[in-house]
Amino acid sequence: MTGPKGRFGMVSAAAAAAFAVTSVSAQAPGLAMLNTLDRGAWELRLRSDGSTRRICLRTGRELIQLRHRQPTCDRFVVQDEPKEVTVQYTCRGNGYGRTTIRRESPDVVQIRSQGIHGGAPFSLEGEARHVGSC
């Protein structure tokens with residue numbers, strides 16, 4: 001249809017689609033799974049070399065940016081499921097990353113993260129376990 005009614009229909013459909021996209025992005029997922037993790041000290045053991053590192057969890061979100069510690073990074077939630085979350089983040093001037101956290105129990109998670117930090121690529125995979133209080 002190329003007449004006035006056909007053009008109006010296409011404009012209406014485009015407007016409805018734009019509204020739907022806006023509505024979905026306004027309802028960003030809340031990463032509820034991270035709230036179910038035990039608070040306190042966690043030990044992260046990397047599979048590549050067996051090294052360990054302690055992390056103090058207050059919200060669970062500390063596991064998202066293991067290489068980029070600054071709080072000013074922009075985050076985009078890719079997946080928000082009851083047992084697994086994936087977050088992509090960008091830290092202006094310092095790189096970016098994508099982290100997947102899979103919950104095995106309230107005190108054990110599997111973590112995969114990769115990206116660019118300080119101009120160099122990184123990739124880490126490991127297991128984190130709750131080990132006590134901070």
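Trainee: Through how many residues does a hairpin join E3 to E4?
Mentor: The hairpin that joins E3 to E4 runs through three residues. Strands (E, at least two residues) are DSSP runs, numbered from the N terminus. Please note that this is a predicted model, in which local features need pLDDT of at least 70 and side-chain atom pairs count only at pLDDT 80 or more, while totals for chains, interfaces and linings use all residues. Residues are numbered from 1 along each chain as its sequence is written, and side-chain values use heavy atoms, with hydrogens and water left out.

Trainee: How many bridges join strand E3 to strand E4?
Mentor: Six bridges join E3 (residues 74-80) to E4 (residues 84-91), and the two strands run antiparallel. Two strands pair if DSSP finds at least two bridges between them.

Trainee: Which residue in E4 stands opposite valine 77?
Mentor: That is valine 87.

Trainee: Changing topic, how many salt bridges does the structure hold?
Mentor: The structure holds five salt bridges, a salt bridge being a side-chain nitrogen of Lys or Arg within 4 Å of a carboxyl oxygen of Asp or Glu. One of them is formed by arginine 47 and glutamate 125, whose closest N and O atoms are 3.9 Å apart.

Trainee: Where in the chain do arginine 47 and glutamate 125 lie?
Mentor: Arginine 47 is in the loop between strand E1 (40-46) and strand E2 (52-57), and glutamate 125 is in strand E7 (residues 120-132). The pair is 78 residues apart and links distant parts of the chain.

Trainee: Why does arginine 47 count as partly exposed?
Mentor: Arginine 47 counts as partly exposed because its relative accessible area is 46%. The cut-offs are under 20% for buried and over 50% for exposed, with partly exposed in between (1.4 Å probe, protein chains only). Glutamate 125, at 41%, is partly exposed too.

Trainee: Which residue forms a salt bridge with glutamate 104?
Mentor: Arginine 102 does, with the closest N and O atoms 3.5 Å apart. Glutamate 104 is partly exposed at 40% relative accessibility, and arginine 102 is partly exposed at 35%.

Trainee: And which residues line the largest pocket?
Mentor: The lining consists of Arg61, Glu62, Gln65, His68, Arg69, Gln70, Pro71 and Arg75. On a 1 Å grid over the protein atoms alone, a pocket is an open set of points where a 1.4 Å probe fits, with protein on both sides within 12 Å along at least five of seven lines; lining residues have an atom within 4 Å of a point.

Conventions: Helices (H or I, at least four residues) and strands (E, at least two) are DSSP runs, numbered from the N terminus.
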